[in-house]
Amino acid sequence: MSKYAFGVDVGGTSVKMGLFGEEGVLLDKWEIPTRKENKGAAIIGEIAQSLKEKMAERGIEESDLAGIGIGAPGPVDNDGVLVNGAVNIGWEPFNIPEAMRAYINVPVKAANDANAAAYGEMWQGGGKGFSSIVAVTLGTGVGGGIIINGELLAGATGAGGEIGHMHMVDDETESCNCGNKGCMEQYASATGIARLARRRLEKDNEPSVLREGKVSAKTVFDGVKAGDKVAIEVAQEFGEYLGKGLAMIASVLNPEAFIISGGVSKAGEILFSFIEPPFHKYVFSHCGNAKFVLATLGNDAGIYGAAGLILR
């Protein structure tokens with residue numbers, strides 16, 4: 001009888017791995033460096049070697065494994081194919097489960113890393129108890145993961161959930177990392193919030209704590225908590241963009257909850273006071289009951305979600 005599953009989260013710097021019991025309990029976690037040379041040719045083999053070493057250490061046979069779940073940094077279709085490759089680690093398109101099964105012959109499933117993290121939050125994190133969620137990662141960019149009725153929505157080419165690249169502003173002059181202009185992540189990510197703050201500070205000479213050092217999303221929300229007028233204005237602008245974007249998403253997907261993670265989420269529930277008013281202003285009324293919840297798994301969300309692909 002299968003007792004265990006491995007969850008693997010492949011990142012640009014390291015590969016995080018976790019051993020899970022059949023009830024979804026994290027029994028052990030560790031990581032290895034991501035070797036990106038030669039187009040990442042060694043990565044799958046090194047993951048397999050590390051998993052085999054853990055199996056030997058724990059006395060686990062292949063017959064004890066329910067399987068291996070893998071989150072990868074790129075679009076992954078429903079068959080586990082990395083559709084367009086993963087530029088940041090050098091991978092070209094390939095079938096991830098097939099490659100892993102050449103080393104360890106157990107069931108293998110793969111998903112985009114943001115989708116896997118979303119699945120982890122639904123399964124064992126802030127989204128536990130919900131079956132239809134949109135996970136929103138507010139970091140350097142804005143990432144998303146969509147789960148409807150317990151199923152990941154990968155999309156036709158594995159690119160479902162790229163909510164950060166919804167178009168929000170027509171007259172934006174700066175380009176997003178994707179090449180377009182006016183994407184939501186230009187205003188709602190950590191870097192986007194800092195951009196909004198710098199633009200606000202250039203408008204006039206209003207006194208603000210934001211003028212005292214390097215501007216960041218953290219300094220903005222620290223300023224909000226201190227009652228700084230300019231910081232509050234920046235947070236309101238951020239909330240207007242993100243709240244409107246999430247209202248559009250809700251009106252299409254009708255999720256039970258939005259799970260907010262990433263560096264910006266460290267500001268805490270004060271974020272919701274800026275997101276929820278515009279959300280309720282713009283959302284289709286029958287989709288407006290979605291709850292806003294902070295993620296709880298942190299950097300472990302990816303390994304939880306990858307294992308959940310197997311165990312749940």
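This report covers strands, salt bridges and nonpolar cores in a predicted model.

## Basis

Residues are numbered from 1 along each chain as its sequence is written. In this predicted model, local features need pLDDT of at least 70, side-chain atom pairs count only at pLDDT 80 or more, and totals for chains, interfaces and linings use all residues, while side-chain values use heavy atoms, with hydrogens and water left out.

## The N-terminal strands

Strands here are DSSP runs of E, at least two residues long, and helices are DSSP runs of H or I, at least four residues long; both are numbered from the N terminus. Two strands pair if DSSP finds at least two bridges between them. Strand β1 covers residues 4–10 and pairs with β2 in the antiparallel sense, over seven bridges. A hairpin of three residues joins β1 to β2. Strand β2 spans residues 14–21. Seven of its eight residues are buried (under 20% relative accessible area; exposed is over 50%, partly exposed in between; 1.4 Å probe, protein chains only).

On its other pairing, β2 runs antiparallel to β3 (residues 26–33), again with seven bridges. Four residues lie between the strands in the hairpin of β2 and β3. There, Gly24 takes a positive phi near 85 degrees.

## Salt bridges

The whole structure holds 17 salt bridges. The criterion is a side-chain nitrogen of Lys or Arg within 4 Å of a carboxyl oxygen of Asp or Glu. Side chains of opposite charge can pair when their charged atoms come close.

Lys29 and Asp300 meet at 2.8 Å, N to O. This pair links distant parts of the chain, 271 residues apart: Lys29 sits in strand β3, Asp300 in the loop between β12 (291–294) and α10 (301–311). Lys29 is partly exposed, at 48% relative accessible area. Asp300 is buried, at 17%.

Lys39 and Glu92 form a salt bridge at 2.6 Å, N to O. Here the partners are 53 residues apart: Lys39 is in helix α1 (residues 37–40), and Glu92 is in the loop between β5 (81–82) and β6 (94–95). Lys39 is exposed, with a relative accessible area of 52%. Glu92 is partly exposed, at 46%.

Arg199 bridges to Glu172, with the closest N and O atoms 2.7 Å apart. Arg199 lies in helix α6 (residues 190–203) and Glu172 in the loop between β10 (151–152) and α5 (185–188), so the pair ties together parts 27 residues apart in sequence. Arg199 is partly exposed at 28% relative accessibility, while Glu172 is buried at 8%. Salt bridges also link Arg200, Asp204, Glu206, Arg211, Lys229 and Glu233 in a network.

## Nonpolar cores

A nonpolar core is a set of buried Ala, Val, Leu, Ile, Met, Phe, Trp, Tyr and Cys residues joined through side-chain atoms within 4.5 Å. The largest has 46 residues. Val136, Phe221, Phe238, Leu246, Phe258 and Phe279 touch the most other members. Elements supplying at least two residues each include β8 (133–138), β11 (257–261) and α9 (272–282). Helix α8 gives the most, with 11 residues.

Beyond its neighbours within four places in sequence, Phe258 is in contact (heavy atoms within 4.5 Å) with residues including Val134, Val136, Leu246, Ile249, Phe279 and Phe292.
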